[in-house]
Amino acid sequence: MKPKIEKIEFTKEQKQEIDKTLKINLPTAVKKIQTQYYGGSCCICGELPDYKVTYDLEDAKRIERYCQKDFDLYKGKMDD
């Protein structure tokens with residue numbers, strides 16, 4: 001099954017808010033950014049993701065998020 005791959009992108013205002021919040025450098029601030037703006041973290045390493053990969057299953061969708069490094073490592077295996 002071929003997944004739908006989307007690059008995670010933000011408006012200029014969203015990016016400014018993310019950068020401002022991440023400068024606080026508290027675990028709770030990072031967690032807020034991960035959930036509010038990214039929808040989660042990289043499923044391999046836990047970092048902020050760059051890609052959202054969606055698999056359409058029979059009765060559900062499977063969503064995985066990947067940082068750039070892990071996306072580059074695993075993108076060839078996503079079709080399997």
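This is a predicted model: local features need pLDDT of at least 70, side-chain atom pairs count only at pLDDT 80 or more; totals for chains, interfaces and linings use all residues.

Biologist: Is the crossing of α1 and α2 left-handed or right-handed, and what makes it so?

Modeller: The crossing of α1 and α2 is left-handed. That term applies if the near helix is turned anticlockwise from the far one by less than a right angle, whereas clockwise gives right-handed. Residues are numbered from 1 along each chain as its sequence is written, and side-chain values use heavy atoms, with hydrogens and water left out.

Biologist: Why are α1 and α2 called roughly antiparallel?

Modeller: The axes of helix α1 (residues 12–23) and helix α2 (residues 27–38) cross at roughly 160° and come within 9 Å. Axes are lines fitted to C-alpha atoms, for helices over the stretch in contact, and angles run from 0 to 180 degrees between N-to-C directions. Angles over 145 degrees count as roughly antiparallel, under 35 as roughly parallel, 65 to 115 as roughly perpendicular and the rest as oblique. The helices α1 and α2 are therefore roughly antiparallel to each other.

Biologist: Which residues make the contact between α1 and α2?

Modeller: Contact means heavy atoms within 4.5 Å. From α1 the contact is made by Q14, E17, I18, T21 and L22, and from α2 by A29, V30, I33, Y37 and Y38. By class, this contact has seven nonpolar, two polar and one charged residues. Ala, Val, Leu, Ile, Met, Phe, Trp, Tyr, Cys and Pro count as nonpolar, Asp, Glu, Lys and Arg as charged, and the others, Gly among them, as polar.

Biologist: What makes I33 buried or exposed?

Modeller: Buried means under 20% relative accessible area, exposed over 50%, and partly exposed in between, with a 1.4 Å probe and protein chains only. I33, in helix α2, has 0% relative accessibility and therefore counts as buried. Leaving aside its neighbours within four places in sequence, I33 is in contact with I18, T21, L22, Y38 and L48. I33 and D19 are 14 residues apart in sequence, and their C-alpha atoms are 9.5 Å apart in space.

Biologist: How do you know whether N25 is buried or exposed?

Modeller: N25 has 61% relative accessibility, so this residue counts as exposed. N25 lies in the loop between α1 and α2, and has a positive phi of about 60° although it is not a glycine.

Biologist: On what value does the class of A60 rest?

Modeller: A60 has a relative accessible area of 42% and is therefore partly exposed. A60 is found in the loop between β2 and β3 (61–66). From A60 to V30, 30 residues away in sequence, the C-alpha to C-alpha distance is 28 Å.

Biologist: Why is T54 called buried?

Modeller: Its relative accessible area is 8%, so T54 is buried. T54 lies in strand β2 (residues 51–56). Not counting residues up to four places away in sequence, T54 touches P3, K4, E6, K61, R62 and I63.

Biologist: Where is M78 placed, and does the value make it buried or exposed?

Modeller: M78 is in the segment after α3 (68–74). At 3% relative accessibility, M78 therefore counts as buried. Residues up to four places away in sequence aside, M78 touches M1, P3, I5, V53, Y55, Y66 and F71.

Biologist: How many helices and strands are there in the protein, and what makes a run a helix or a strand?

Modeller: There are three helices and three strands, following the pattern β-α-α-β-β-α along the sequence. Helices (H or I, at least four residues) and strands (E, at least two) are DSSP runs, numbered from the N terminus. Of the 80 residues of the protein, 28% count as buried.
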